[in-house]
Amino acid sequence: MYGTLRYGMVGGGQGAFIGEAHRKAINLDGKARIVAGCFSRSYENTLATGAALGIEPERLYKRFDEMAKAEAARDDGIDFVVVVTPNNTHYPVCKAFLEAGIHVACDKPLAISREQACELEALAKEKDLLFMVTYTYMGYVTAKHVREIIRAGEIGKIRTVIAEYPQGWLAREGDWGGKQGSWRCDPSQSGKSNCLADLGTHVENAIATMTGLKVKRVLAKMDIMVPGRVLDDNDFVLVEYEGGATGMYWTSQVAIGHDNDLRVRIYGDRGAIFWSQEDPEKVIIAKEDGAPLVEHHKGYCSIAPEAAKYGRLPKGHPEGWLEAMANLYRSFIECIHAKRNGSFTSDMIDFPTVSDGVQGVKFVEACLQSSANGNVWVDL
Ligand SMILES: NC(=O)c1ccc[n+]([C@@H]2O[C@H](COP(=O)([O-])OP(=O)(O)OC[C@H]3O[C@@H](n4cnc5c(N)ncnc54)[C@H](O)[C@@H]3O)[C@@H](O)[C@H]2O)c1
């Protein structure tokens, strides 16, 4: 049905974390192959990474802007670019590829300011290009199932939400988490927030995607727990959504004992849903006090068809984070094909878009303002 798409990557050089995960996830379906890259600020690293991936040397670039122009000019140029660099570079890199007419998949947070994020959203719209922001966790079959059963009214009207994403990897003084930790703690690369931009955007997106709730205003306490840091490493946020529901979020990098412990508890007037990304084969549903909890497991017919179609393995064969990432790319790549053959409609999009990315950046900025002004309510 489809030909194979060509893609390029900015970031993801040898020694980097998430770029390789994107490549592995895309490879799961074999619907796109990597043909170009500017993998690192170090050209030697780009050359070594490209050689290991079997990319032609002429398509290994010193600079991302050079890559955008050169790839746009080729008959066999890339169909989309994957941007997996530190946060401060997302805006210039994405902008260069959008201006060159190339679809973009960028990791979160979309940008380091509301202005940058909104400009990218407007540019993608003006150029009629697809723009995915890879909030990986929303690719899980069970995360999509939560969205579907909430849409179907399973737990009624949502009253309140508790969501958290604690990690413990930056808990110790002088422990900067290697390359990945040091740029996150550096405002020149991370932006005005570390922990909330890194983890809070996942929380904000998870709740927005699953519930459809839109944050109206926030009250945040963003703290620096580890001496010597200049950016937040532990954050509490009270949330009020449009329509009156409320929420409470916690993100931390100093919570010893936690790895990637994104958990959500969603309470409606007819039931509640509990979901945990480290245990993503199941969704737990409570219907009333004292009644047994119901578990919906991936692979069984209790999973909504709109979510179940993303399952790659039969019941009892666990699927994880790479598959979740691959599911985002499945929809993104299908949409690129549909754009090409004229069959695209916006309801085909089943991945987080640039507009979701903008919401994340607005959420972080409002929290920063709230925290700086003595923990006051700030509208988004
Ligand atoms: N979706 C997720 O769950 C998830 C998980 C981890 C990281 N991330 C995001 O992915 C991004 C990258 O994080 P990471 O942990 O992989 O960082 P990393 O430090 O491991 O890798 C960053 C890479 O970008 C390269 N780079 C930096 N500036 C560049 C430039 N101007 N041109 C070309 N390459 C450049 C570096 O050389 C390195 O190879 C961040 O925005 C982060 O928030 C998302």
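Domain bounds, as used throughout these legends, come from an automatic or database domain assignment. The model shown in every view is predicted.

View 1. The protein chain is divided into domain 1, covering residues 5–129, and domain 2, which is made up of residues 140–313 together with 360–379. Taken over C-alpha atoms, the centres of domain 1 and domain 2 are 27 Å apart. To the contact, domain 1 contributes 12 residues and domain 2 contributes 16 residues. On the side of domain 1 that touches domain 2, there are 7 nonpolar residues, with 3 polar and 2 charged residues making up the other classes.

**View 2. The largest nonpolar core and the surroundings of cysteine 367.** The largest nonpolar core holds 106 residues, and the residues with the most contacts inside it are Val81, Phe97, Val104, Phe332 and Cys367. Because domain 1 (5–129) and domain 2 (140–313 + 360–379) both give residues to this core, the core lies between them. For cysteine 367, once its neighbours within four places in sequence are left aside, the contacts are with Leu196, Val218, Ala220, Met222 and Val237.

View 3. An open sheet with mixed pairing is formed by 9 strands, in the order β13-β12-β11-β10-β6-β9-β8-β7-β14. Its edge strands are β13 (294–297) and β14 (378–379), each of which pairs on one side only. Within the sheet, strand β6 (residues 158–166) runs antiparallel to β10 and is joined to it by 6 bridges. In this pairing, threonine 160 has tyrosine 267 of β10 as its bridge partner.

**View 4. Strand β11 between its two hairpin partners.** Strand β10 (residues 263–268) and β11 run antiparallel and are joined by 5 bridges, and the two strands form a hairpin with 3 residues between them. Tyrosine 267, which is also the bridge partner of threonine 160, stands opposite alanine 272 in β11. Strand β12 (residues 282–286) pairs with β11 over 3 bridges, again in the antiparallel sense, and a hairpin of 5 residues joins β11 to β12. Here phenylalanine 274 has isoleucine 284 of β12 as its bridge partner. Strand β11 itself (residues 272–276) shows a covered face with Ile273 and Trp275, and an uncovered face with Ala272, Phe274 and Ser276.

View 5. Aspartate 261 lies in the loop between β9 (246–252) and β10. Because 18 other C-beta atoms lie within 10 Å, aspartate 261 counts as partly exposed, the class between buried, at 20 or more, and exposed, at 12 or fewer. When residues up to four places away in sequence are not counted, aspartate 261 touches Tyr165, Pro166 and Glu278. Of these, glutamate 278 is 17 residues from aspartate 261 along the chain, yet their C-alpha atoms are separated by 6.2 Å.

View 6. Lysine 108 and proline 109 are joined by a cis peptide bond, for which omega is about -10 degrees, and proline 109 has its place in the loop between β4 (103–106) and α5 (114–127). Aspartate 128, a residue other than glycine, has a positive phi near 55 degrees and is placed in the loop between α5 and β5 (131–133). Aspartate 128 is exposed because it has 9 other C-beta atoms within 10 Å. Asparagine 375, which is not a glycine either, has a positive phi of about 65 degrees and is found in the loop between α12 (354–372) and β14. Asparagine 375 has 14 C-beta neighbours inside 10 Å and so counts as partly exposed.

Conventions
Residues numbered from 1 in each chain as written. Predicted model: local features only at pLDDT ≥ 70, side-chain atom pairs only at ≥ 80, totals over all residues. Contact = placed C-beta atoms within 7 Å. Nonpolar A, V, L, I, M, F, W, Y, C, P; charged D, E, K, R; others polar. Core = buried A, V, L, I, M, F, W, Y, C linked by C-beta atoms within 7 Å. Helix = DSSP H or I, 4+ residues; strand = E, 2+ residues; numbered from the N terminus. Pairing = 2+ DSSP bridges.
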